[in-house]
Amino acid sequence: MKYFIMNKTLVPMKKIILTTIIIMSFSNLFAQKFEKVKALKTAFITDRLDLSSDEAEKFWPVYNQYEKELHQLQVVERMAILDQIAEKGGVSKMTEKESADLLQKILDLNEKINLKEKNKYLALKKVISSQKILKLIKVEESFKRELFKLLQEQRNKKD
């Protein structure tokens with residue numbers, strides 16, 4: 001049997017390969033679910049926002065670009081901060097300085113997110129009316145509520 005040295009411990013190669021396959025399967029499953037949610041959101045917004053074909057042609061590239069950037073901030077960067085807390089062994093094991101530094105990172109991240117949202121709506125204002133932007137904000141919130149409700153229903157079915 002072949003072994004791999006990991007953190008000064010011999011680990012069977014089969015275990016590493018199996019773990020890698022499981023991780024890849026989960027990440028593929030997550031990517032599929034993310035794409036499905038993204039498609040549902042697009043259909044939900046399209047249905048509720050009532051964009052003309054000309055508006056839609058200009059709207060979606062702008063909207064998708066900002067959503068991609070917001071996802072990077074809201075998910076990836078926020079997870080990096082949470083990972084730092086976990087690496088320290090949790091909040092209770094952190095020094096006051098470490099806590100203050102991470103709190104500042106969170107506050108800075110929230111400012112970046114708010115600025116990105118503002119810029120998204122200002123950019124969209126160039127392609128759709130202010131009324132449709134207000135409607136979009138309402139539709140995005142409705143989608144979040146519907147998605148949350150759907151996830152709760154699925155979770156309740158499993159219990």
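How many helices and strands are there in the protein chain? This is a predicted model, and its chain holds four helices and two strands.

Some totals describe the chain as a whole. It has 159 residues, and 21% of them count as buried. The accessible surface amounts to about 12500 Å², and carbon and sulfur atoms account for 60% of that surface. Contacts can also be sorted by separation along the sequence. Taking contacts between residues at least 6 apart in sequence, 62% link residues at least 24 apart.

Now turn to two of the helices. Helix α3 covers residues 96-124 and helix α4 covers residues 130-158. Their axes come within 10 Å and cross at roughly 135 degrees. Because an angle between 115 and 145 degrees is neither roughly perpendicular nor roughly antiparallel, α3 is classed as oblique to α4. On the α3 side, the contact is made by Lys120, Tyr121 and Leu124; on the α4 side, Ile133, Leu136, Ile137 and Glu140 take part. Sorted by type, the residues of this contact comprise five nonpolar and two charged, with no polar ones.

Is Ser99 buried or exposed, or partly exposed? Its relative accessibility is 22%, so Ser99 counts as partly exposed; the cut-off for buried is under 20%. Ser99 can also be placed relative to Ile85: the two residues are 14 apart in sequence, and their C-alpha atoms are 8.6 Å apart in space.

Methods
Residues numbered from 1 in each chain as written. Predicted model: local features only at pLDDT ≥ 70, side-chain atom pairs only at ≥ 80, totals over all residues. Heavy atoms only, no water. Axes fitted to C-alpha atoms, helices over the stretch in contact; angles between N-to-C directions. Parallel < 35°, antiparallel > 145°, perpendicular 65-115°, else oblique. Contact = heavy atoms within 4.5 Å. Nonpolar A, V, L, I, M, F, W, Y, C, P; charged D, E, K, R; others polar. Buried < 20%, exposed > 50% of the residue type's maximum accessible area, 1.4 Å probe, protein only. Areas by Shrake-Rupley, 256 points an atom, 1.4 Å probe, with all protein chains shown as cover.
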